[in-house]
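Please read the following report alongside the sequence and the structure.

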Amino acid sequence: MSTDQNKFQAIISHCKEYGFVFQSSEIYDGLSAVYDYGQYGSELKKNIKDYWWKSMTQLHENIVGIDAAIFMHPTTWKASGHVDNFSDPMIDNKDSKKRYRVDHLIEAYAETLPEAEGNAVLAQMDELLKENDFAGLKTLIEEKKISCTVSGTSNWTDVRQFNLMFSTQLGSVTDEASEIYLRPETAQGIFVNFLNVQKTGRMKVPFGIAQIGKAFRNEIVARQFIFRMREFEQMEMQFFVRPGTQKEWYEKWKEERMQWHLSLGTDPSKYRFKDHVKLAHYADAAVDIEFDFPIGFKEVEGIHSRTDFDLKQHQEYSKKKIQYFDTEINQNYVPYVIETSIGLDRMFLLTVCNAYEEQDLSTPEKQDSRVVLKFPAKLAPIKLAVFPLTKKDGLPEVAQLLVNECKQHFHCYYEEKDSIGKRYRRQDAIGTPFCVTIDHQTKEDGTVTIRYRDSMEQERVPLTEVKNIVLSKIM
Ligand code: ATP
């Protein structure tokens, strides 16, 4: 394992140990590629959501938000192309007739091998999956003599496509007409509401519609913690523009989204753009924003110029006119769309990976270390921790008054157990940017010690100033 793989494992353990992310249904041994956010994780996730939502809707006068349902009319997914095109490879055993997802079959085989050999097989598989090389996958299965657990034979069909959408039944009648899907992307909820929003909001092109919500994909390669999940959340914005101006808007959104990422103070060298080589059937340009995760540079957001494909498809399938009358040029048209699509869970993982630091603080006298999450203050789950130095002499009462004053404005944490040093370390581990200690001097001159997470510096400030100091850093 490379050092970075170790770091990734350490981050995963830290996320669990400090209440950020838990495996779903862990007491039943978990559900593959499904995760729950704990007490600090849910706060961090919400803060990321709010930061994105505000930057899109509040700071752009021509972007509004919606919150569409997860269930949509099944024709939506025929129109969008997901029923026909959104798929991954599978294979059948001709003797037992049992069907396998190709990745599951190869993974189960790899687990029976010594670790290095198993990893080599998995790497080969990932490469073939990425290339959509179905013949290569079949050859790999045959070469390794992978057999079916039921028949015990290696008599396989060719590898075929497997749709990634989860389906379920609406109502109690189980016929084909009642089969519906859990949405695999939030974008279609925006497209089908284009006219509703444009008309009721009297929106003028160019304008955007933003949405945050769950999406579901029966992912084929799902082994990288919350990087690839089967239930995840997307933050998407579709920006509707006049045909012919899409290139300009695409460049603008590309730049603006990168600036959003950098506005959180991340080192720019950790980001890069990666143009799509193979464009989706609906796109005339597409780029990924990639981040340097411990597992390598990987996609966190996509910016896609989706042409008028989706609106035109919905127009055709719904037989309703989906057009916009542009009063400036006296013309009716189907708008073109620039989409920015970021995975909330991936942004969460990025934020944790970027913040995570193991520091050796040893001095000649004493061995010491800490794990600190250097979150941007505005994203930190807890903003301020308040500690009375001791449990007596009225110090807890003063500390509690400060908490009561501040908790109206931001998230605070009160603790009186253990030494101040230990309390600081626990807050470092969950990324709390400010800690305040109330001591005996506080009662004499009304000052407290404020301690800064990143520099670990401490200074005395008036108790009455604490709220404003914190507020000035988190706005
Ligand atoms: P990938 O190539 O990684 O599968 P994608 O290109 O299919 O992603 P899009 O359909 O463009 O992804 O979705 C937009 C964003 O949604 C991605 O940039 C990613 O952040 C997020 N996303 C997509 N699939 C998942 C998933 N299974 N788990 C978590 N986030 C995801």
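Pro294 is placed in the loop that links strand S12 (285-293) to S13, where helices (H or I, at least four residues) and strands (E, at least two) are DSSP runs numbered from the N terminus. Pro294 counts as buried because its relative accessibility is 12%; buried stands for under 20% relative accessible area, exposed for over 50%, and partly exposed for what lies in between, with a 1.4 Å probe and protein chains only. If neighbours within four places in sequence are set aside, Pro294 is in contact with Asp4, Phe8, Ile11 and Cys353, contact being defined as heavy atoms within 4.5 Å. Between the C-alpha atoms of Pro294 and Arg160, which are 134 residues apart along the chain, the separation is 33 Å.

The model is predicted, so that local features need pLDDT of at least 70 and side-chain atom pairs count only at pLDDT 80 or more, while totals for chains, interfaces and linings use all residues. Residues are numbered from 1 along each chain as its sequence is written, and side-chain values use heavy atoms, with hydrogens and water left out.

The side chain of Thr442 comes to 3.0 Å from the backbone nitrogen of Asp439. Beyond its neighbours within four places in sequence, Thr442 is in contact with residues including Val398, Arg460 and Leu463.

The largest nonpolar core has 59 residues, of which Phe20, Val21, Trp52, Ile226, Met347 and Phe348 touch the most other members; such a core is a set of buried Ala, Val, Leu, Ile, Met, Phe, Trp, Tyr and Cys residues joined through side-chain atoms within 4.5 Å. Helix H12 (residues 344-355) supplies the largest share of this core, eight residues. Val21, again leaving aside neighbours within four places in sequence, has among its contacts Tyr35, Tyr37, Phe225, Ile226 and Phe348. Apart from this core lies another, of 23 residues, among them Phe410, Phe434, Ile438 and Ile469.

The ligand is surrounded by 15 residues, the closest being Glu219, Arg228, Met229, Glu299 and Val300; a residue belongs here if one of its heavy atoms lies within 4 Å of the molecule. By class, this shell holds four nonpolar, five polar and six charged residues. Strand S10 (231-241), strand S13 (296-307) and strand S16 (336-343) each supply at least two residues of the shell, and S13 gives the most, with five.

| Side chain | Ligand atom | Distance |
|---|---|---|
| Glu219 | nitrogen | 2.8 Å |
| Arg228 | oxygen | 2.7 Å |
| Gln234 | oxygen | 3.3 Å |

Taken alone the ligand exposes 580 Å², and the protein buries 82% of that, accessible areas coming from the Shrake-Rupley method with a 1.4 Å probe.

As for the whole chain, there are 16 helices and 23 strands, and 51% of the 475 residues count as buried. The C-alpha trace spans about 80 × 70 × 50 Å along its principal axes. Of the contacts with a separation of 6 or more, 65% are between residues 24 or more positions apart. The accessible surface of the chain comes to about 23100 Å², with 49% of it belonging to carbon and sulfur atoms.

Methods. A polar contact is a pair of N or O atoms within 3.5 Å; within protein, one must be able to donate a hydrogen and the other to accept it, and residues adjacent in sequence count only if both atoms are side-chain atoms. Ala, Val, Leu, Ile, Met, Phe, Trp, Tyr, Cys and Pro count as nonpolar, Asp, Glu, Lys and Arg as charged, and the others, Gly among them, as polar.
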